[in-house]
Amino acid sequence: MKRLQDRVAVITGAASGIGLASARRFAQEGAVVVGVDLNTDAIEALAKETGGAAITCDVTDEQTVEAMYAQVVADHGRVDVAFNNAGISPPEDDSILDTGIEAWERVQKVNLTSVYLCCKYVLPHMRAQGRGSIINTASFVAVMGAATSQISYSASKGGVLSMTRELGVQFAREGIRVNALCPGPVNTPLLRELFAADAERARRRLVHVPMGRFAEASEIAAAAAFLASDDSSYMTASTFLVDGGISGA
Ligand code: NAD
């Protein structure tokens with residue numbers, strides 16, 4: 001028996017990077033994966049590949065998120081796993097001295113408000129089922145300084161971590177687990193775009209990784225599959241760091 005056999009798993013940001021690798025991993029482990037993203041072509045191709053489904057959704061839009069979860073439950077009968085993973089990194093310098101209010105608010109909206117909305121609208125379904133696993137993608141920068149001056153990004157991920165703890169504690173007795181997955185730097189389009197314009201920034205970050213390399217998305221997907229599955233049945237409200245040793249150094 002595969003450990004995610006027939007589990008209905010919604011993954012946001014499934015068109016790329018960590019979300020894409022996780023969709024593939026979850027499907028290999030038996031899950032019915034519903035890929036959610038703005039990039040319709042990519043998630044439809046993914047659904048063909050995995051035998052799952054695709055829903056185009058802007059996770060910052062309240063009505064769309066509510067409708068997305070209603071559709072998942074109407075189509076599949078339930079939702080066992082919600083991997084709230086979609087996120088952005090500010091393209092330009094994100095130092096507090098340079099970041100404008102618009103860029104700040106955009107990052108909070110995509111990285112933090114979206115997680116609030118996805119949790120808010122999946123929780124009633126999970127409560128009715130009496131079980132569920134929610135995984136929110138935070139980052140190692142939620143627990144320590146990043147050495148790359150990412151003020152809006154770090155603040156948004158700190159918010160995700162705090163919200164995860166609150167929810168994990170609040171719903172622990174209802175069979176719903178809520179955990180924060182905190183990757184170190186991962187070799188995805190998000191990271192490559194961030195460093196493309198600034199090789200020095202990449203070097204500064206790599207210096208802080210004891211393993212001396214960035215993660216591959218599949219390594220984060222493996223951790224997400226663990227959190228999604230009953231192998232992590234005694235874990236909730238946790239800060240699950242997968243960071244090549246950064247936070248321990
Ligand atoms: P990515 O850019 O490869 O993928 C992000 C996906 O999110 C894209 O497919 C994008 O279309 C989607 N997305 C963005 N805004 C959306 C919206 N409003 N509605 C729906 N979908 C939207 O990035 P990634 O590196 O795979 O990052 C995934 C998550 O991991 C993010 O939350 C990111 O902050 C976090 N993270 C990444 C790293 C890293 O180094 N790559 C490290 C720590 C945490």
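Predicted model: local features only at pLDDT ≥ 70, side-chain atom pairs only at ≥ 80, totals over all residues.

Me: Ok, how many helices and strands does the protein have?
Reply: Eight helices and seven strands. Those are DSSP runs numbered from the N terminus, with helices being H or I of at least four residues and strands being E of at least two.

Me: Let's do strands. Which strands does S5 pair with?
Reply: S5 (residues 132-137) pairs with S4 in the parallel sense over four bridges. S5 also pairs with S6 (residues 176-183), again in the parallel sense, over six bridges. Pairing here means that DSSP finds at least two bridges between two strands.

Me: Which residues sit across from each other there?
Reply: Take Asn 136 in S5: it is the bridge partner of Asn 84, and in S6 the partner of Asn 136 is Ala 180. Phe 83 stands opposite Ile 135 in S5.

Me: Is S5 buried or exposed?
Reply: Six of the six residues of S5 are buried, so the strand is largely enclosed by the rest of the structure. Gly 132, Ile 134 and Asn 136 are on one side, with Ser 133, Ile 135 and Thr 137 on the other, and both faces are covered.

Me: What about S4, which way do its residues point?
Reply: In S4 (residues 81-84), Val 81 and Phe 83 point one way and Ala 82 and Asn 84 the other, and all are buried. S4 also pairs with S1 (residues 8-12), in the parallel sense over three bridges, and Ala 82 is the bridge partner of Val 10 there.

Me: Val 10, ok. What else does Val 10 touch?
Reply: Not counting residues up to four places away in sequence, Val 10 touches Val 34, Val 36, Val 72, Val 79, Val 81, Ala 82 and Phe 83. A contact means the two C-beta atoms, placed from the backbone, lie within 7 Å.

Me: Which residues touch the most others in the largest nonpolar core?
Reply: Ala 9, Val 10, Ala 224 and Ala 228, out of 72 residues in that core. Helix H4 (residues 101-129) gives the largest share, nine residues. A nonpolar core is a set of buried Ala, Val, Leu, Ile, Met, Phe, Trp, Tyr and Cys residues joined through C-beta atoms within 7 Å.

Me: New topic: which residues come nearest to the ligand?
Reply: Gly 13, Gly 17, Gly 87, Thr 188 and Leu 190, of the 28 residues around the ligand. Helix H1 (17-28) and helix H6 (189-196) are the elements that give two or more residues to that shell. To count as near, a residue needs its C-beta atom, placed from the backbone, within 6 Å.

Me: Last one, which residues have a positive phi without being glycine?
Reply: Asp 6 is one of them, with phi near 60°, and Ala 237 is another, at about 60°. Most residues other than glycine have a negative phi.

Me: Where are those two, and are they buried or exposed?
Reply: Asp 6 is in the segment before S1 and counts as exposed, with 11 C-beta neighbours inside 10 Å. Ala 237 is in the loop between helix H8 (217-228) and strand S7 (239-242), and Ala 237 is partly exposed, with 17 other C-beta atoms within 10 Å.

Key
Residues numbered from 1 in each chain as written. Buried ≥ 20, exposed ≤ 12 C-beta atoms within 10 Å, placed from the backbone.
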